[in-house]
Amino acid sequence: MTLVARPMGPVPPGFAAIDGELAIGGARARDLVARAGGAPLFVYDAGMIAARIAAWRQAMPTGLGLHYAVKANPFAPLLAFMAARVDGFDIASGGELAAVLAAGVAGPRIGFAGPGKRGADIVAAIAAGATLHVESVHEADRALAAGEAAGIAPRLAIRVNPDFELAGAGMRMGGGARPFGVDAEQVPALARRLVAAGADWRGFHVYAGSQSLDARAIIASQAATLDLVARLADTAGVGVPLCNLGGGFGVPYVHGQVPLDVGAVGAGLGEALDRRAGVLGDTRFVLELGRWLVAEAGVYLAEVIDRKHSRGETFLVIDGGLHHQLAASGNFGSVIRRNYPCAIATRFAAPVDDVAHVVGCLCTPLDRIGDALALPRAEPGDLVAVFCAGAYGASASPAAFLGHGPAREVLIGQD
Ligand SMILES: *Cc1c(COP(=O)(O)O)cnc(C)c1O
């Protein structure tokens, strides 16, 4: 054993062993794979997602709305499960609009953000009664024209590019020059114009960034957002029926990251809402969350095909890889590749006595899922589990690359 182990991220809470084997939602990994027809398989535990939603409602101020950001995981059974449990859905394409409508979500519960909305998507969203979050002045004009052509007053909100950033966010989407949102300084004039044009004016959407584990940064960003929105509404002389405060709640993926203190965020937001400006007195506030709701509820299971040795190092070659779980390979927006939490699902309770690289079956050196992991010794036929796979997994990976085909997906425990 010449290979020195490198750390991996924390296995999320809630996973136990049954007879030494990883159990998800009370079912053994091997049984789940057999029932689904084989590996590789994404398993999403609905019970864990429901617990997340309950914890969120417990931590947040009463009356705050929860929207699910479909981008994180658009698996159809998961959307249907969410439809009965969250207050709204945030989408960013015509395809996501169709998926959410198919899950039985009514148009007025849908918010459509995203740059570069295509004409047909704008028309479909207006016809469905969804709220368009316009991202530019030109897009606002296109939405007004589409509404006029359809004889419908379009439900319109403005996504604001704020004059601040969410500090400590893994991915920044606000502040400075951005493709997202209308620069704050242009917003009052545009809001006045939308109201004057007869739009069904909904309010503002501010999204500062993603994957933050820093409660203080999120609290500061939410307080700054409330100030900004009040200032914009006052300057424009318009009301604010709805204010989407963004989200950005992160989860720990790699060694050293600690879970976000959601209780602190809820308390901070409660205080900020209590002292909000009068112009926001009747506003309905929502947060939009993707990964925090679903990431840790998902496990990617793949089978070990080969155990090979090369110059003193051991490689576990699995029948999946970055074409299903790109983020774990470090190629989805990470600067430095660090290990996601992994385990040998079929030896979940066995002693750790080996160090191995876990690599995918794609013929590219990019396809490394775990680098020098300390694991129980695994053999071909064992199952590898990659945790934190419930968000930005199957739908955010290049499934067509190299022709191995997509992974299976299953939602379990929905009752
Ligand atoms: C990506 C995105 C989200 C979801 O981000 P998470 O990190 O998954 O919570 C929410 N809102 C907008 C506008 C987004 O672009």
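**Asn-73 and its surroundings**

Modeller: Leaving aside neighbours within four places in sequence, Asn-73 is in contact (heavy atoms within 4.5 Å) with Tyr-44, Tyr-68, Leu-78, Leu-79, Val-294, Gly-390 and Glu-409. This is a predicted model, in which local features need pLDDT of at least 70 and side-chain atom pairs count only at pLDDT 80 or more, whereas totals for chains, interfaces and linings use all residues. Residues are numbered from 1 along each chain as its sequence is written, and side-chain values use heavy atoms, with hydrogens and water left out.

Asn-73 sits in the loop between β5 (65–69) and α3 (76–83), where helices (H or I, at least four residues) and strands (E, at least two) are DSSP runs numbered from the N terminus. With a relative accessible area of 3%, Asn-73 counts as buried, a term that stands for under 20% relative accessible area, while exposed stands for over 50% and partly exposed for what lies in between (1.4 Å probe, protein chains only).

The domain assignment gives domain 1 (16–45 + 296–412) and domain 2 (74–289), with bounds that come from an automatic or database domain assignment. The C-alpha centres of the two domains are 34 Å apart, and 11 residues of domain 1 are in contact with 11 residues of domain 2. Between them the domains bury about 1000 Å², of which 69% is on carbon and sulfur atoms; buried area here is the accessible area (1.4 Å probe) that two parts lose on being put together, summed over both. On the domain 1 side, Glu-296, Arg-338 and Leu-411 lose the most area to domain 2, together 40% of what that side buries.

Across this interface of domain 1 and domain 2 the rule finds zero salt bridges, a salt bridge being a side-chain nitrogen of Lys or Arg within 4 Å of a carboxyl oxygen of Asp or Glu. The largest share of the side of domain 1 that touches domain 2, three residues, comes from strand β22 (residues 408–412). The residues of that side of domain 1 divide into six nonpolar, two polar and three charged, where Ala, Val, Leu, Ile, Met, Phe, Trp, Tyr, Cys and Pro count as nonpolar, Asp, Glu, Lys and Arg as charged, and the others, Gly among them, as polar.

For the model as a whole, the salt-bridge count comes to 15. In one of these, the side chains of Arg-57 and Asp-87 meet at 3.2 Å, N to O. Because Arg-57 lies in helix α2 (residues 46–59) and Asp-87 in the loop between α3 and β6 (88–91), the pair ties together parts that are 30 residues apart in sequence. Arg-57 is partly exposed at 34% relative accessible area, and Asp-87 is likewise partly exposed, at 29%.

Another salt bridge joins Arg-347 and Asp-382, whose side chains meet at 2.7 Å, N to O. Arg-347 belongs to the loop between β18 (342–344) and β19 (354–359) and Asp-382 to the loop between β20 (368–375) and β21 (383–386), so this pair ties together parts that are 35 residues apart in sequence. Here Arg-347 is partly exposed, with a relative accessible area of 29%, whereas Asp-382 is buried, at 5%. Finally, Arg-6, Arg-368 and Asp-371 are linked in a network of salt bridges.
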